[in-house]
Amino acid sequence: MSYFVSPEFARVLVLGFITSLHMTWRRLVNQIVPVPYLDEVFHIPQAQAYWLGKWSQWDPKITTPPGLYIFSYIVNSVRDFFYLNFKPSVNEWRAINVFLLYLLLVALYILTAVGRKTVNHDSILQREFSILSFPLIFFFSALYYTDLFSVFTVVLVYIFWSASTSAAGSMKALYQFLHFVAGLVALSSRQTNIFWVAVYLGGLQVVESVKRNIGANKVHDPPMSEAYFEDFPITSISIAQSALTAIPQLLLDLWPQIFLILTFAAFVVWNGGVVLGDKDNHIATIHLPQMLYIWPFIVFFSWPVLLPQLSHLSAFRRRLPRLSTTVTVIILMLVTVHLNTIIHPFTLADNRHYTFYVFRILRQHWLLKYAAVPVYFVCAWLVLASLGGATEAAPASKTVRILYGEDTVCVSLTLVWLLATSLSLITAPLVEPRYFIIPWLMWRLAVPEYMPRADKLRTVELEKRASASLKDHPASLSSSSSPLQTLVRTAAGYSMWLELIWYLVINLGTCYMFLYKDFEWPQEPGNVQRFMW
């Protein structure tokens, strides 16, 4: 009987609720939109051609490799073995992403176990539930798009890399080989995955190898909770210098990433470019403002994840950037906006996507794009600061700054994440929310899990010490327990619930708009158009 009041049983109920919502969403899409919509017009006929054995047929409008279609062929071949006269319909092709959604859930749990991440076993909600409900993942799970296959394969590669870091001998070689093979599959789903399966994981491998070979305490790599702006270039130099002394070992550790990069380079040479089709509308260019747009994107969707760093406002204030850093970064952002703002013709011509309306607002006055720069900066700082985890109450005695220590997220990981995110985004002239899914996912996986119960116990102990040493300063004590601080700390304690509820609200709104707020273009009467990401 005790099982029915345990966190495990409550998780089953929550997951069942999320699953029922997802199945309802899928059923409504198939009822109301029974024919291929938007990009499905290209994907479903191509998958159908492969199913019929027409392996040489290719739609020149498709820009990504055929990984999803081959995966779909394999899955449906298994289904064909068990069902007589199995003929995939639009519904059946879309069901591939339903399968992938729950494969992703399993893969995320395996990644947590293999990566030895800290888990709050007393919490009903877990990070994986929120990722499953993330609006862009949830939305496209009911359509035949390539995004879920791309995300799943990248997580799969991450699993094999994490396993290889703690293995040795033949098992390490096996995991590295699986890393390479899974990396090829990831590249077959989307070309920009090269920056995650090779560059991101390659960067993490360099840090791992350097620290293992020369000692973590000999590398300047402070935890994000203790880092200043100057720690970023110092960490880069420190790791680079240390890596130069261990090149032979690095080559052995990095061979999967190196061979993936070489394979990708060979593909680009053979193909005459990165994209497969529609090359005229997908010309690679330098588009630096993409690295400005991602910050409000993350804050909009994941603001509840940012709350734990506000749990102690006095400690949060110590994380504020210096004035010189703020001014310098804002100036660089203003220059970037002024010199490199690119608005793709597709963005301005297609009012079915929400980005159309965002850029229509920014284009209403020439000053608006500059007025948005402080918003970009604040959002960027909040997102990066969240990697330092929840703030803690300041101890009564003076503390020494930690320069060398182990933490969930160090400066090195942040640098590697910034590099991979930049490379995956700044070459795309089109601002597409789906391009931000994997950068968001890697950030979300890196944010330390908030343990409100453990934090509460630690806070009580520290406040007892503070009260003992600050009896003569009642003002300080009252400020530490102000109504605002209490409200924020309470909200931080329920941040995972707030995150899930917020995602459900967004999903409700966007799914409703897609299903029931259809419209027609005057130039295309009779063709129903729908709002979507």
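The model is predicted; local features need pLDDT of at least 70 and side-chain atom pairs count only at pLDDT 80 or more, whereas totals for chains, interfaces and linings use all residues. Residues are numbered from 1 along each chain as its sequence is written, and side-chain values use heavy atoms, with hydrogens and water left out.

A nonpolar patch on the surface is formed by L244, I247, L251, I258, F259 and L262, which together have about 570 Å² of accessible area (Shrake-Rupley method, 1.4 Å probe, only the protein chains shown counting as cover for residues). Two or more patch residues come from each of α11 (247–253) and α12 (255–271), helices being DSSP runs of H or I of at least four residues, numbered from the N terminus. Helix α12 gives the largest share, three residues.

Two cavities of 30 Å³ or more were counted, a cavity being a set of points on a 1 Å grid over the protein atoms alone where a 1.4 Å probe fits but cannot get out, with lining residues having an atom within 4 Å of a point. The largest cavity has a volume of about 160 Å³. The second largest cavity holds about 30 Å³ and is lined by W161, S164, Q176, H179, Q205, D253, P256 and Q257.

Definitions and conventions. Patches are made of residues with over 30% relative accessible area and no salt bridge: like charges are joined within 9 Å, nonpolar side chains (Val, Leu, Ile, Met, Phe, Trp, Tyr) within 5 Å. A salt bridge is a side-chain nitrogen of Lys or Arg within 4 Å of a carboxyl oxygen of Asp or Glu. On a 1 Å grid over the protein atoms alone, a cavity is a set of points where a 1.4 Å probe fits but cannot get out, and a pocket is an open set with protein on both sides within 12 Å along at least five of seven lines; lining residues have an atom within 4 Å of a point. Grid points are joined across faces, edges and corners, and a volume is the space filled by probe spheres set on the points.
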